[in-house]
Amino acid sequence: MPITVKKAERIQKLPPYLFAEIDRLKREVAARGVDLVNLGIGDPDMPTPPHVIARLCEAARNPANHRYPDYEGLPAFRRAAAAWMRSRYGVTLDPETEVVSLIGSKEGIANLAVAFVDPDDVVLVPDPGYPVYHIGTQFNGGTTYRMPLRRENGFLPDLGAIPTEVARRAKLLWLNYPNNPTGTVAPRSFFADAIRFAERHGIVIGHDAAYAELYYGERPPSILEMPGGRDVAIEFHSLSKTFNMTGWRVGFAVGNAELVAGLGKVKTNVDSGVFQAVQEAAIAALESEPSVVANLRATYRERRDVLVAGLATAGLPCEPPAGTFYVWVPVPRGQSSAALAKRCLTEAGVVVTPGNGFGDAGEGYVRLTLCSPVARLREAVERLRALRL
Ligand SMILES: Cc1ncc(COP(=O)(O)O)c(C=O)c1O
């Protein structure tokens, strides 16, 4: 007889999955034979560069790579990550103590809370934001304080508005620029303020830089290149979006040695590192000619310009994102995020993500992605125009 198993509190307390209704509608509309244009997914449609794939094939044949990897990452991978940080940001890191490999940055983001969040600690998270900051905190008994990202503040959290009592109890502050879902790039002055705030209250900064290389203006800074950044921060990098490698599961965390060691300690106990052949391929990616990433940026820039200009003609004017492959679109007055997403899907066959799925402060927006070719983006715009929003 099947037994009844009560799920752990942490699972029971998970927030409701806000995209369930959209997923159901998507299936329903697709079943009607509608050719959906999916601007919901944040997963590159372009393939991993051939030289990276070639390196994987070669490395996969080497029996030395068939064994358990080094927990913290191959020395050569950590050296390549450190060299990448130096070439991009002029930041010099010790590959032994200030770099750790990750099975994708999501893994590291979730595990940072295991290393540093105790029950009743407060973690400051952006709202709207990538859900893992909240979930990681909750899984470890902590409480999140949501910092609204509002247009009038340039989608930056207002650190001065955080009550002193909350700041006093806070252990960790999550930042993410270039930002998912708003597409914002934070100025250097904001990072300087955040570092001062962290120093004043003894708070760790986790900076999620998963979109570090996707920008359309000035290069966004690493928090580690800012004065004092290395004293308080750990930064998460990912090969997923930079090299079209979401399925490969590889990234790295860099920064303050104590924070890197804490994260590494968790990892030695819960996973056994990244397949070494994938690490070798990741080295090839990190050592790519600059043109590889420059071409990627040019592709997204063209798509961004087509989509943003098209949306304006469809009654959905919005700011062009300064970074990432997301377009954060205000919902026309009088409608909700969910209602607009539903109309786009059921009446136009265009999948968009309702902004409130990223937190309450995301209400009033929908998120569209640039992970489709220009022709599909034009098609989406044509169909949305017909809705006369
Ligand atoms: C803001 C942000 N951080 C981190 C990640 C995780 O990326 P990965 O685990 O593939 O490195 C994502 C993925 O979509 C993201 O949007």
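Buried means under 20% relative accessible area, exposed means over 50%, and partly exposed is in between, using a 1.4 Å probe and protein chains only. Keep that in mind for the tour.

What you have open is a predicted model, where local features need pLDDT of at least 70, side-chain atom pairs count only at pLDDT 80 or more, and totals for chains, interfaces and linings use all residues. Residues are numbered from 1 along each chain as its sequence is written, and side-chain values use heavy atoms, with hydrogens and water left out.

**Stop 1: F155**

Select F155. Its relative accessibility is 12%, so F155 counts as buried. You'll find F155 in the loop between strand 4 (143-148) and helix 7 (164-169). (Helices, H or I with at least four residues, and strands, E with at least two, are DSSP runs numbered from the N terminus.) Check the backbone too: phi of F155 is near 55°, a positive value in a residue other than glycine.

**Stop 2**

What counts as a pocket here? On a 1 Å grid over the protein atoms alone, a pocket is an open set of points with protein on both sides within 12 Å along at least five of seven lines; a cavity is a set where a 1.4 Å probe fits but cannot get out, and lining residues have an atom within 4 Å of a point. The second largest pocket has a volume of about 290 Å³. Grid points are joined across faces, edges and corners, and a volume is the space filled by probe spheres set on the points.

Colour the lining by type and you get 12 nonpolar, four polar and two charged residues.

**Stop 3**

Two strands pair if DSSP finds at least two bridges between them. Strand 11 and strand 12 (residues 365-369) have two bridges, in the antiparallel sense. To see the strands side by side, pick T353, which stands opposite R367 in strand 12.

Contact means heavy atoms within 4.5 Å; axes are lines fitted to C-alpha atoms, for helices over the stretch in contact, and angles run from 0 to 180 degrees between N-to-C directions.

**Stop 3: the largest pocket**

Select F19, Y130, P131, N180 and F358. Of the 48 residues lining the largest pocket, these are the closest to its centre. About 1300 Å³ of space lies in there. Helix 6 gives the most to the lining, with four residues, and the lining divides into 22 nonpolar, 16 polar and 10 charged residues.

**Stop 4: two cis bonds**

Zoom in on D127 and P128, which are joined by a cis peptide bond with omega of about 5°. P128 lies in the loop between strand 3 and helix 6. Then jump to Y177 and P178: the bond from Y177 to P178 is cis as well, with omega near -5°. P178 lies in the loop between strand 5 and helix 8 (188-201).

**Stop 5: strand 6**

From strand 5 (residues 170-175), step across to strand 6, which pairs with strand 5 in the parallel sense over four bridges. W174 stands opposite G206 in strand 6. Is strand 6 (residues 204-208) covered or uncovered? Five of its five residues are buried: V204, G206 and D208 on one side, I205 and H207 on the other.

**Last stop: helix 11**

Finish with helix 11 (residues 276-286), where 10 of the 11 residues are buried. What covers those buried residues includes helix 3 (50-60), helix 4 (75-89) and strand 8 (251-255).

Key
Nonpolar A, V, L, I, M, F, W, Y, C, P; charged D, E, K, R; others polar.
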